[in-house]
Amino acid sequence: MQLAAAGSFLTLLQDDIVLIQTHTHSILQIVLLNLDHRDTVVSNAWLETLLSAIDALPKETIRQEILSPLVSKAQLSQSLQARLASCRILGKVACKFESPIVKKDLLPLVRSLCQDVEYEVRSCMCRQLENIARGIGLDHTKAAVLPELVELARDEGSTVRLAAFDTIINLLEMFDSDDRTRVIFPLVKTFCEKCFKADEAVLASLSFQYGKLCHGLSASFTEEQHLWFLEFYKKLCVLGLQHENGHSDNQVYPLELESKYALVRRNCAYNFPAMVLFADPNHFLTELYPTFSSLCNDPEITVRRTMAEGFHEIVKLLGPNVHFIHKELVVLLQDDSLEVLDALLSHLQETLELATSRGEGPGPESKQLIVPELVPALAAAEQKAALSLRWRVHERLLQRYACLPRVVSADQIYFRFLQRMFAIVTTNNVLPVQREAARTLCMFLRYNRKQEQRQEIIGKVLQELAQGRSYWNRLRYLDLCEIAMELFSKAYFCKHFLIQALELVNDPVANVRYKLCHMLPQLRSTIRLPADKHLLQQLEFCVRKLLCREKDKDVVATVRKTVLELDKMDITEPYHKRHERDLLDQKKEKEETLLLEMEQLERQQSEAKLTSEKHTEKKRRDSKTGLSGTKGLSGSTSGATLSTSSGKELRKAKLARSRSLSSHPTTPKMANPDKTLKVKDSGSCPGKGKNLLPMNADEALRSHHFSVAAASSVLSPTPSASSMPVLIRSNTTNTLVDHPHQHQHRSSTLDHRSTNGSKDTQSRKLSIQRKSNSFGMQSGRE
């Protein structure tokens with residue numbers, strides 16, 4: 001009755017059911033009277049009512065009705081329960097008054113309670129010092145509150161020291177840099193060392209607040225102090241696992257102490273993201289990675305679960321260095337405990353996307369290394385969840401796997417996950433798991449960029465679900481159709497899914513027809529007129545068939561209700577909703593078109609790359625073949641030269657021939673300039689050139705090409721001096737390349753003549769032959 005009355009009076013005040021004056025004179029007196037109830041539970045309930053009422057009461061009422069009796073109740077002569085209530089009331093009213101009033105009226109009572117003989121009172125008052133400090137302001141905190149905190153931090157009671165430690169951490173922003181360096185840091189350091197050696201109970205609270213402590217003091221730390229706090233954190237992370245010297249700890253702790261150490265390591269895991277920020281993410285590998293790995297492989301499940309819960313925060317902080325923790329991600333996915341996997345699922349999509357998108361690291365290898373390890377780990381995690389009895393974990397896991405198209409390649413999804421999704425949809429016994437697997441399957445299909453794989457997936461869906469032997473599978477096909485209508489555009493759905501859904505009107509099982517009748521309005525909404533008029537006719541035919549032939553009473557009732565809905569669809573739906581739905585469908589259709597274009601582009605790029613590789617390989621083989629042919633030709637020429645008695649004459653003939661094919665218009669230097677002049681004169685007469693040396697097929701072809709070029713140059717009778725040599729060089733080179741057998745024929749003829757002919761006659765004939773062609777072209781141009 002007392003607890004119910006306390007709750008009722010609080011409701012009267014908070015909901016403004018009665019006037020504040022009525023509450024002050026009637027209800028408040030009852031509340032103050034029951035604060036001294038002999039039952040602790042009842043007195044605490046009335047105290048909570050009073051503390052909540054203080055927020056709504058005016059200042060004058062608080063001063064007269066609450067603070068006046070508080071002075072007497074805070075004395076040592078009062079009961080422990082009364083003094084504890086006074087501590088909490090002082091902390092509550094401190095924020096209601098101005099700083100001078102708090103300093104004058106409340107601070108003496110605060111100091112008196114901080115020095116109480118009972119440690120419970122000192123601890124309770126110490127936890128209220130935060131509100132007192134905020135009530136008196138920054139200016140008076142250093143002089144009035146900080147000395148009390150320092151004294152309480154050295155108290156003999158561990159709960160008092162812990163209260164002082166927590167209050168100091170909560171008030172760090174109210175102390176200046178000088179106070180943090182000279183007072184707070186030595187105090188906290190001493191507190192940490194003392195707790196680590198002798199007080200395991202306080203160590204749990206210290207480890208929980210450690211991240212907040214380091215960040216509050218980090219701006220005032222020297223390099224040495226920063227390092228000390230980091231090393232102390234590393235010791236806390238392995239507490240109960242190793243000695244300080246790093247050797248394995250074979251000591252068997254009592255069960256209670258072991259649970260305390262596990263709690264400390266769990267709190268360290270909770271603070272790990274804050275410590276990554278404290279140590280600088282760029283120094284993660286050298287400073288914190290061994291500790292991180294130790295926590296991820298901790299023997300306690302609660303520690304590993306806490307690491308899994310904060311893993312996404314660590315991934316965010318590491319940024320481009322996220323490849324450092326790829327191994328631990330795989331370890332947590334493969335953890336033996338399903339609780340760890342469940343904790344990782346909360347932000348698995350964000351974790352996977354960040355881990356793979358930023359996973360390049362210093363080189364491109366890191367991302368390639370993580371994918372082969374990640375995919376088997378994800379598959380193993382799904383198998384482990386499927387074998388457990390916790391189907392909700394399995395459902396959540398399948399829901400998170402919908403992000404895999406953004407994480408791994410389409411081939412990996414196709415070969416490692418797709419068949420598993422089909423197996424779950426067709427064989428699993430839990431309906432929510434089956435539906436989630438169907439949704440994930442649709443997501444895989446939606447973002448697959450290979451036409452062959454998409455067609456195979458759709459064909460398998462139709463074969464195993466729409467045409468499945470079990471009515472359960474056919475029901476799952478209708479579930480899949482509902483999901484497909486959400487994910488795909490209307491055109492895509494009508495093309496691949498609608499006809500098979502309407503064919504289920506002939507299903508022998510009434511449950512399938514019953515579900516189809518419920519879906520008819522949704523199926524009708526995917527049909528676009530006038531393009532899909534034939535689909536509308538088929539849907540109407542299905543409805544008429546159901547109305548005429550259906551014998552199941554539930555199906556008949558559903559069909560009649562559905563017919564009324566179909567008749568009202570185009571009339572009752574507001575225009576803006578229809579317009580929004582059309583815009584969304586257009587967006588989906590554009591995305592599908594973009595995926596097709598990307599697929600075609602990737603295919604063209606791969607084909608172009610393959611063609612270029614083949615072309616490069618062919619050129620490489622041709623160059624090797626040409627090089628070997630040149631070597632053989634030069635070897636045969638040198639052998640023929642050595643076998644003849646007139647090697648000098650042959651070299652001169654080759655020199656004259658090469659110079660006649662060069663692009664320079666100058667005449668090669670010869671022994672007799674008169675002979676050169678005669679050759680030039682004879683080259684200007686085509687008749688004499690023919691009489692001196694008959695023209696073979698190669699020369700005839702080249703003469704014809706040059707005559708065509710000369711005829712085309714009539715339009716510009718004064719060509720530039722540089723254009724003619726280029727034309728000669730290109731055509732001469734092409735002729736030599738295109739007719740290698742003719743070149744060899746001339747070489748053999750030349751060798752034969754050099755053997756039987758005289759030196760002067762052979763040189764003259766070669767010069768006449770080559771120069772007549774070259775200078776004949778020049779005269780043609782002129």
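## Model confidence

Over residues 633–650, pLDDT stays under 50, and the model has eleven contacts beyond four places in sequence for this stretch. pLDDT is the predictor's confidence in each residue, on a scale from 0 to 100. Contact means heavy atoms within 4.5 Å. Where pLDDT is low, the predicted coordinates should not be read in detail.

This is a predicted model: local features need pLDDT of at least 70, side-chain atom pairs count only at pLDDT 80 or more, and totals for chains, interfaces and linings use all residues. Residues are numbered from 1 along each chain as its sequence is written, and side-chain values use heavy atoms, with hydrogens and water left out. The protein chain averages a pLDDT of 76, and 75% of the residues score at least 70.

## Helices α21 and α24

Helix α21 covers residues 338–345 and helix α24 covers residues 391–400; they pack at an angle of about 40°, with their axes 10 Å apart. That makes α21 oblique to α24. Angles under 35 degrees count as roughly parallel, over 145 as roughly antiparallel, 65 to 115 as roughly perpendicular, and the rest as oblique. Angles run from 0 to 180 degrees between N-to-C directions, and axes are lines fitted to C-alpha atoms, for helices over the stretch in contact. Helices are DSSP runs (H or I, at least four residues), numbered from the N terminus.

On the α21 side, Leu-338, Asp-342 and Leu-345 take part; they meet Val-393, Arg-396, Leu-397 and Arg-400 of α24. The residues of this contact divide into four nonpolar, no polar and three charged. Asp and Arg count as charged, Leu and Val as nonpolar.

## Backbone exceptions

Most residues other than glycine have a negative phi, and most peptide bonds are trans. Asp-280 has a positive phi of about 80° although it is not a glycine. It sits in the loop between α15 (272–279) and α16 (284–287). At 30% relative accessibility, Asp-280 counts as partly exposed (buried means under 20% relative accessible area, exposed over 50%, partly exposed in between, with a 1.4 Å probe and protein chains only).

Leu-529 and Pro-530 are joined by a cis peptide bond, with omega about 0°. Pro-530 lies in the loop between α31 (510–525) and α32 (533–549).

## A buried asparagine

Asn-267 belongs to helix α14 (residues 255–270). Its relative accessibility is 8%, so Asn-267 counts as buried. Leaving aside residues up to four places away in sequence, Asn-267 touches Ala-204, Ser-207 and Phe-208.

Technical notes:
Helices (H or I, at least four residues) and strands (E, at least two) are DSSP runs, numbered from the N terminus.
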